Amino acid sequence: MKPTTWIQSRWNRLRAAHRAGMPALTVARAREITTRHPECGPAWKLLGSALIAMARYDEAEEAVRRSTALCPIDRLWIPLAEMGHLHKARGDYETAAAWYRRAIDAAPDEAGARIYLGGVLAQAGKLDEAEAVHRAATVCERGCRDEAFLNLGLVLRALDRPEEAAHCFEEA
């Protein structure tokens with residue numbers, strides 16, 4: 001099998017395992033790729049995500065760090081946000097928020113990192129801050145603005161502002 005055919009085949013299998021929510025299989029398939037192609041940053045990122053899902057945080061941190069080092073600058077926000085997910089999973093919301101802020105700095109026009117930051121702020125009970133961050137996400141040029149409106153609506157509902165929340169839900 002040609003090298004490009006091998007990696008494409010393995011990459012498709014890795015993504016399928018990841019999308020199916022099968023972290024153990026994702027780990028096995030990602031390790032197969034990263035062993036043979038250690039320069040494959042996306043495989044390191046998916047490995048990190050799967051290890052987070054399995055609460056193997058130290059291994060996950062190493063994988064995400066490797067993906068960050070290999071990541072092109074225009075996509076750097078993705079592994080930075082993944083590091084936020086790692087700390088959120090550990091229950092360290094402050095550190096998670098710091099990583100999400102780094103992701104925002106790397107891609108200010110991307111809604112995703114703002115959505116993640118707003119979510120962790122809301123979970124930490126910082127609803128006013130979460131509102132501001134989700135509002136900022138609704139005007140981003142890229143990303144899931146509908147999700148930003150949904151999350152903003154949830155925060156506004158928690159703040160007992162049902163009319164504003166309903167408007168956000170309609171926008172979503």
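Guide: A salt bridge is a side-chain nitrogen of Lys or Arg within 4 Å of a carboxyl oxygen of Asp or Glu. You are looking at a predicted model, where local features need pLDDT of at least 70, side-chain atom pairs count only at pLDDT 80 or more, and totals for chains, interfaces and linings use all residues. Residues are numbered from 1 along each chain as its sequence is written, and side-chain values use heavy atoms, leaving out hydrogens and water.

Visitor: How many salt bridges does the count come to?
Guide: Side chains of opposite charge can pair when their charged atoms come close. Under the rule above, the number of salt bridges is 13.

Visitor: Is Arg161, which meets Glu164 in a salt bridge, buried or partly exposed?
Guide: The N to O distance of this pair is 2.8 Å. Buried means under 20% relative accessible area and exposed over 50%, with partly exposed in between (1.4 Å probe, protein chains only). Glu164 has 34% and is partly exposed. Arg161 has 25% relative accessibility, so Arg161 is partly exposed.

Visitor: Is Glu110, which forms a salt bridge with Arg142, buried or exposed?
Guide: In this pair, the closest N and O atoms are 3.9 Å apart. Arg142 counts as partly exposed, at 42% relative accessibility. Glu110 has a relative accessible area of 12%, so Glu110 is buried.

Visitor: Are α5 and α7 roughly parallel or roughly antiparallel?
Guide: Axes are lines fitted to C-alpha atoms, for helices over the stretch in contact, and angles run from 0 to 180 degrees between N-to-C directions. Angles under 35 degrees count as roughly parallel, over 145 as roughly antiparallel, 65 to 115 as roughly perpendicular and the rest as oblique. Helix α5 (residues 77-89) and helix α7 (residues 111-123) pack at about 15°, with their axes 10 Å apart. That makes the two helices roughly parallel.

Visitor: Which residues of α7 make the contact with α5?
Guide: Contact means heavy atoms within 4.5 Å. On the α5 side are Trp77, Ala81, His85 and Lys88. From α7 come Gly112, Ala113, Tyr116, Val120 and Gln123.

Visitor: Are α7 and α8 roughly parallel or roughly antiparallel?
Guide: The axes of α7 and helix α8 (residues 127-138) come within 8 Å. They cross at roughly 165°. The two helices are therefore roughly antiparallel.

Visitor: Which residues does Asn151 contact, leaving aside its neighbours within four places in sequence?
Guide: Asn151 belongs to helix α9 (residues 145-158). At 17% relative accessibility, Asn151 counts as buried. Beyond those sequence neighbours, its contacts are Ile115 and His134.

Technical notes:
Helices (H or I, at least four residues) and strands (E, at least two) are DSSP runs, numbered from the N terminus.
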